[in-house]
Amino acid sequence: VFGEKEASRYKYYWNCSSTKKGYSGTLLISKIEPINVDFGDVDSKEGRAVIAEFPNAFVVNTYVPNSGMKLDRLSYRTEEWDSKMREKLEALNKEKAVIWCGDLNVAHSDTDVANWKKKRNKCPGFCDKERENFGLLVGGDGNEITDLQRTKRTLPLGRPGAKEGKFVDVWKSLYPEEEGFTFWGYRMNSRGKNNGWRLDYFVISKDIVPKVVDCLRRNQLWGPSDHIPLVLLLKKDTLT
């Protein structure tokens, strides 16, 4: 918790939902004052993005829409949001490096969620189209999904996507074999049973990969949130 003195050292930029109070929102806190802050054109009503421009990079903080427990928002998520977000990130990447972060509401790999066979195409964040769309940005195993895989839900997909993506999933690139869960639901003792998901990410442009020092899961910081913090450590000259 910040005291008044500590809080005064930071700049604050938030974007809140204008359609439903308390529904969604994003906040960026920075010691370095950005050149410009934009709330993006991906979604102008639900407060899901804060885009801060620094001299050497953009920081894009997002709270990606959940597809809904009944998957009632899956088409919006996969056909509208994902494509607009991808276009935005690719456009920014043409100007300077991009650091995309936040609750991205997707478990890309089979190993990014506990008990994946029970959840594939039944739970938001683990539908094939969500995972394939994410793979369009960060790449994957490079294998085509077969017709048999599409029709049989208990077959693994691995990491959907081409061998090379335009961006890099930092945690997975550093720790490809390690469990990376960042979310456990409140119900059914999910935390105690480790029934977790990897939903929080840092996704970066390839040209700043050499600037990465480490990516850390703050697994010991467990409080009222059902997520834990994910931390990206970068060299000092990455942003400015």
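In this predicted model, strands β5 and β6 run parallel to each other and are joined by seven bridges.

**Helix packing**

Helix α4 (residues 128-138) also meets helix α2 (residues 74-95): their axes come within 10 Å and cross at roughly 5 degrees. Angles under 35 degrees count as roughly parallel, and α2 and α4 are therefore roughly parallel to each other. On the α2 side the contact is made by L74, R77, T78, D82, R86 and L89, and on the α4 side by K129, E130, N133, L136 and L137. By class, this contact has four nonpolar, two polar and five charged residues.

| Pair | Angle |
|---|---|
| α2 and α4 | roughly 5 degrees |

**Nonpolar cores**

The largest nonpolar core has 21 residues. Within this core, the residues with the most contacts are V59, I99, V170, F202, I204, C215 and L232. Two or more residues each are given to the core by β4 (49-53), β5 (57-63), β6 (97-103), α6 (170-174), β10 (200-205), β11 (212-217) and β12 (230-234). The largest share, three residues, comes from β6.

With neighbours within four places in sequence left aside, V59 is in contact with L28, V50, I51, A52, F54, I99, C101 and L239. Another core, of 20 residues, lies apart from the largest one and includes V60, W100, F167 and V203.

**The loop around G161**

G161 is placed in the loop between α5 (147-151) and β7 (167-169). Beyond its neighbours within four places in sequence, G161 is in contact with G135, G139, G140, D141, G142 and N143. G161 and L71 are separated by 90 residues in sequence, and their C-alpha atoms lie 22 Å apart in space.

Methods: Residues numbered from 1 in each chain as written. Predicted model: local features only at pLDDT ≥ 70, side-chain atom pairs only at ≥ 80, totals over all residues. Heavy atoms only, no water. Axes fitted to C-alpha atoms, helices over the stretch in contact; angles between N-to-C directions. Helix = DSSP H or I, 4+ residues; strand = E, 2+ residues; numbered from the N terminus. Parallel < 35°, antiparallel > 145°, perpendicular 65-115°, else oblique. Contact = heavy atoms within 4.5 Å. Nonpolar A, V, L, I, M, F, W, Y, C, P; charged D, E, K, R; others polar. Core = buried A, V, L, I, M, F, W, Y, C linked by side-chain atoms within 4.5 Å. Buried < 20%, exposed > 50% of the residue type's maximum accessible area, 1.4 Å probe, protein only. Pairing = 2+ DSSP bridges.
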